[in-house]
Amino acid sequence: MAKEVAVREVSYVEWGPVFAGALASAALSFVLLSAAASLGLSLISAYPGQPYAKTGGTVAALWSLIVVIGSFLLGGYIAGRLRSSWREGGAEEVAFRDGVHGFLVWSAGIVLGAFLALLAGPTTAHMAAHAAAGAAAQGDSPLALATDTLLRTSPTATITAPLERNEVARVLAISATNGQMSANDRSYLAQAVAQRAGIPAADAEKRVDNAFADAQHAVEAARKATALTGLLTASALLIGLAAAWYGAQRGGYNRDYNIWGRAPVLVRERRGHASTDD
């Protein structure tokens with residue numbers, strides 16, 4: 001009768017190093033992004049035409065890319081350096097398992113970031129709405145030029161129908177997003193502009209149409225900017241994945257070959273296997 005051999009299933013995933021690497025990655029990312037935000041407030045003006053306004057977005061994008069790569073590289077390295085080495089699969093298999101732990105660090109970081117963003121979503125949206133309203137009122141929104149043109153008055157005008165900037169900006173933004181302006185909104189704005197600016201009704205309607213066209217261009221530019229931001233973010237995260245994979249493999253290599261110790265000794269003792277060679 002053949003003797004049965006017990007087979008012990010072994011999991012090569014160690015979640016302790018993965019969570020340690022993800023935590024370190026998140027902490028480093030938070031510190032670097034917070035430092036950049038504080039420096040940016042003092043170096044880059046938020047008002048158009050001021051120094052560094054044009055290059056501020058480029059600098060911020062490059063810094064964000066550096067932060068993503070550096071933080072995931074560190075997190076992957078920590079996970080690879082701390083995890084146990086199962087060497088029965090050979091050097092290539094060990095390197096692959098280290099890389100997978102870097103991938104798990106990246107995955108945990110993405111999930112954690114998405115969860116925090118979900119929790120902060122209502123607060124962020126509320127703050128963004130107030131910021132947008134304030135920007136429109138102060139002339140800093142993409143619709144500011146169209147709004148200013150529409151509300152421009154003449155020296156001989158008798159202003160009997162005052163218009164709120166926020167109201168005009170909302171009507172233009174909603175109409176431009178929908179792709180058309182309703183007849184009621186067009187008539188309301190044209191009548192109010194004619195009275196405010198002291199111009200004929202036909203000229204007021206033409207001014208409303210021009211402002212609506214400018215608003216459409218502004219909304220389209222904002223849409224393209226949002227799409228570009230999403231593409232750059234996805235690209236940065238994929239580069240971060242490669243950095244986490246590479247960092248975990250380098251951490252595993254340093255772990256097994258002890259290159260920062262006194263001698264380059266190959267470590268063979270893992271999980272009750274052979275002891276370290278002298």
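**Helices and contacts in a predicted model**

Me: What share of the contacts in the protein chain with a separation of 6 or more comes from residues 24 or more positions apart?
Reply: A contact here means heavy atoms within 4.5 Å. Among contacts in the protein chain with a separation of 6 or more, the part that joins residues 24 or more positions apart is 71%.

Me: How many helices and how many strands does the protein chain have?
Reply: This is a predicted model in which local features need pLDDT of at least 70 and side-chain atom pairs count only at pLDDT 80 or more, while totals for chains, interfaces and linings use all residues. Residues are numbered from 1 along each chain as its sequence is written, and side-chain values use heavy atoms, with hydrogens and water left out. Helices (H or I, at least four residues) and strands (E, at least two) are DSSP runs, numbered from the N terminus. Along the sequence the pattern reads α-α-α-α-α-α-α, and the count is 7 helices and 0 strands.

Me: What percentage of the protein chain is buried?
Reply: Buried means under 20% relative accessible area, exposed means over 50%, and partly exposed lies in between (1.4 Å probe, protein chains only). The protein chain has 278 residues, and the buried share of them is 28%.

Me: Which residues does S29 contact, leaving aside its neighbours within four places in sequence?
Reply: S29 sits in helix α1, residues 15–43. Its relative accessibility is 19%, so S29 counts as buried. With neighbours within four places in sequence left aside, the contacts of S29 are V67 and S71.

Me: How many Å separate A60 and A36, C-alpha to C-alpha?
Reply: A60 is in helix α2, and its 42% relative accessibility makes A60 partly exposed. A60 and A36 are 24 residues apart in sequence, and their C-alpha to C-alpha separation in space is 8.0 Å.

Me: Are α5 and α7 roughly parallel or roughly perpendicular to each other?
Reply: Two packed helices are described by the angle between their axes and the distance between the axes. The axes are lines fitted to C-alpha atoms, for helices over the stretch in contact, and angles run from 0 to 180 degrees between N-to-C directions. Helix α5 (residues 165–178) and helix α7 (residues 201–257) have axes that come within 9 Å and cross at roughly 70 degrees. Angles under 35 degrees count as roughly parallel, over 145 as roughly antiparallel, 65 to 115 as roughly perpendicular and the rest as oblique, so α5 and α7 are roughly perpendicular.

Me: Which residues of α7 does α5 meet, and how does the contact divide by class?
Reply: From α5, the residues involved are L172, A173, S175, A176 and T177, and they meet A211, F212, A215, Q216 and V219 in α7. Ala, Val, Leu, Ile, Met, Phe, Trp, Tyr, Cys and Pro count as nonpolar, Asp, Glu, Lys and Arg as charged, and the others, Gly among them, as polar. The contact of α5 with α7 has 7 nonpolar, 3 polar and no charged residues.

Me: How do the residues in the contact of α6 with α7 divide by class?
Reply: The axes of α6 and α7 come within 8 Å and cross at roughly 120 degrees, which makes α6 oblique to α7. R186, L189, A190, V193, A194 and A197 of α6 make the contact with A201, A204, E205, R207, V208 and D209 of α7. By class the division is 8 nonpolar, no polar and 4 charged.

Me: How far apart are the end C-alpha atoms of α6?
Reply: The expected span of a helix is 1.5 Å times one less than its number of residues. Helix α6 (residues 183–197) has 15 residues and should therefore span 21 Å; the end C-alpha atoms agree with this, at a separation of 21 Å.

Me: Which residue with a positive phi follows α6?
Reply: The buried residues of α6 are L189, A190, A192, V193, A194, R196 and A197. After α6 comes a residue whose phi is positive, near 70 degrees, and that residue is G198.

Me: Which residue takes a positive phi just after α7?
Reply: The 57 residues of α7 should span 84 Å, and the end C-alpha atoms are 83 Å apart, which agrees. Just after α7, a positive phi of about 50 degrees is taken by N258.
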